[in-house]
Amino acid sequence: MVSSQPRKQRRLLFKKFTNKDYNKLLHANLSKELREKYKFRSFRVRVNDVVKVMRGTFKGYEGKVVEVFPKEGRIAIEGLTTKDSRGRPVFRKIHASKVMIVKLDLSDKYRLEKIESKIKQ
């Protein structure tokens, strides 16, 4: 980001962001075991990754990612719900930077290629 002022950072999120920039918002740190295994610090969060919440009221909660909201930079985690005005359970959105990836979903061949290319660097 160019400016350190929060209002200008928020404005940039809505005005000048491309899909590549939204992708950066969804990066989260890897656990120590994954960090040692893959030799990099952070990776993009995807559906079916297992994450652990590191900040906020749900700190310590671990679950599978159910949905990803790229434009908000937030994710929905399985079992992490609150009730809406009608009493129905609704997923609680957590910012991707506030979670740690515990287990990567490696079912996608393109993701495997990305990981292997990062390891070679």
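**View 1. The surroundings of R111.** Neighbours within four places in sequence aside, R111 is in contact with F43, R44, R46, D49, L104 and D105. The model is predicted. R111 sits in helix α4, which spans residues 109–120. Its relative accessible area is 3%. R111 therefore counts as buried, since that value is under 20%.

**View 2. Polar contacts of the R111 side chain.** Which side chain does the side chain of R111 meet in a polar contact? The partner is the side chain of D49, at 2.8 Å. The R111 side chain also reaches a backbone atom, the oxygen of D105, at 3.2 Å.

**View 3. The D49–R111 salt bridge.** D49 and R111 form a salt bridge, with the closest N and O atoms 2.8 Å apart. The pair links distant parts of the chain. D49 belongs to the loop between β2 and β3, R111 to helix α4, and 62 residues separate them. Are these two residues buried or exposed? Both D49 and R111 are buried.

**View 4. The D108–R46 salt bridge.** D108 pairs with R46 in a salt bridge; the closest N and O atoms are 2.6 Å apart. Where do the two residues lie? D108 is in the loop between β7 (99–103) and α4. R46 is in the loop between β2 (42–44) and β3 (50–53). The pair therefore ties together parts that are 62 residues apart in sequence. D108 is partly exposed, at 24% relative accessible area. R46 is partly exposed as well, at 30% relative accessibility.

**View 5. The D84–R88 salt bridge.** The side chains of D84 and R88 meet in a salt bridge, at 3.4 Å from N to O. D84 has a relative accessible area of 26%. That of R88 is 44%. Why do both residues count as partly exposed? Each value falls between the 20% limit for buried and the 50% limit for exposed, so D84 and R88 are both partly exposed.

**View 6. Salt bridges in the whole structure.** How many salt bridges does the structure hold? There are 4. Side chains of opposite charge can pair when their charged atoms come close. Among the salt bridges are D49 with R111, D108 with R46 and D84 with R88.

Terms used. Residues are numbered from 1 along each chain as its sequence is written. This is a predicted model: local features need pLDDT of at least 70, side-chain atom pairs count only at pLDDT 80 or more; totals for chains, interfaces and linings use all residues. Side-chain values use heavy atoms; hydrogens and water are left out. Helices (H or I, at least four residues) and strands (E, at least two) are DSSP runs, numbered from the N terminus. Buried means under 20% relative accessible area, exposed over 50%, partly exposed in between (1.4 Å probe, protein chains only). A polar contact is a pair of N or O atoms within 3.5 Å; within protein, one must be able to donate a hydrogen and the other to accept it, and residues adjacent in sequence count only if both atoms are side-chain atoms. Contact means heavy atoms within 4.5 Å.
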